Amino acid sequence: MNLKRTFGTILTVLGIVGLIYTGVGIIQKSAEMTTLVVVGVIGIIFFFTGVGLVRNTADKAV
């Protein structure tokens, strides 16, 4: 498996986890809003960066 594709998958999963954490925090109003905004923005950045890496990495036969 390609290293870039693996790293992109990890970033995508981390982004999804961050977005879920933000969503749950907003619904329950349990954490401070500043923390939720920071985690949400980082989650969005990780998610779209990971998806971009997976999409733009070409498969090469070895």
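**Close-up views of a predicted model**

A search of the whole structure, which is a predicted model, turns up one aromatic pair.

**View 1. Phe 47 and Phe 48 form an aromatic pair.**

**View 2. Nonpolar side chains make a surface patch of about 780 Å².** Among its members are Ile 10, Leu 14, Met 33, Val 37 and Phe 46. Two helices each supply at least two residues of the patch: helix 1, spanning 3-28, and helix 2, spanning 33-56. Helix 2 gives the largest share, with seven residues.

**View 3. Ile 42 is one of the residues of the nonpolar patch.** This residue is found in helix 2. Ile 42 is partly exposed, with a relative accessible area of 41%, and it can join the patch because patch residues need over 30%.

**View 4. Arg 5, in helix 1, is in contact with Val 54, Thr 57 and Asp 59.** That list leaves aside the neighbours of Arg 5 within four places in sequence. Follow the side chain of Arg 5 to one of its polar atoms, and you will find the backbone oxygen of Thr 57 at 2.6 Å. The C-alpha atoms of Arg 5 and Ala 58 are separated by 8.8 Å, although these residues are 53 residues apart along the chain.

How values were computed: Residues numbered from 1 in each chain as written. Predicted model: local features only at pLDDT ≥ 70, side-chain atom pairs only at ≥ 80, totals over all residues. Heavy atoms only, no water. Patch = residues over 30% accessible without salt bridge, like charges linked within 9 Å, V, L, I, M, F, W, Y side chains within 5 Å. Areas by Shrake-Rupley, 256 points an atom, 1.4 Å probe, with all protein chains shown as cover. Salt bridge = Lys/Arg side-chain N within 4 Å of Asp/Glu carboxyl O. Helix = DSSP H or I, 4+ residues; strand = E, 2+ residues; numbered from the N terminus. Buried < 20%, exposed > 50% of the residue type's maximum accessible area, 1.4 Å probe, protein only. Phe/Tyr/Trp six-rings, centres within 6.5 Å; stacked < 30°, edge-to-face > 60°. Contact = heavy atoms within 4.5 Å. Polar contact = N/O pair within 3.5 Å; in protein donor to acceptor, adjacent residues only side chain to side chain.
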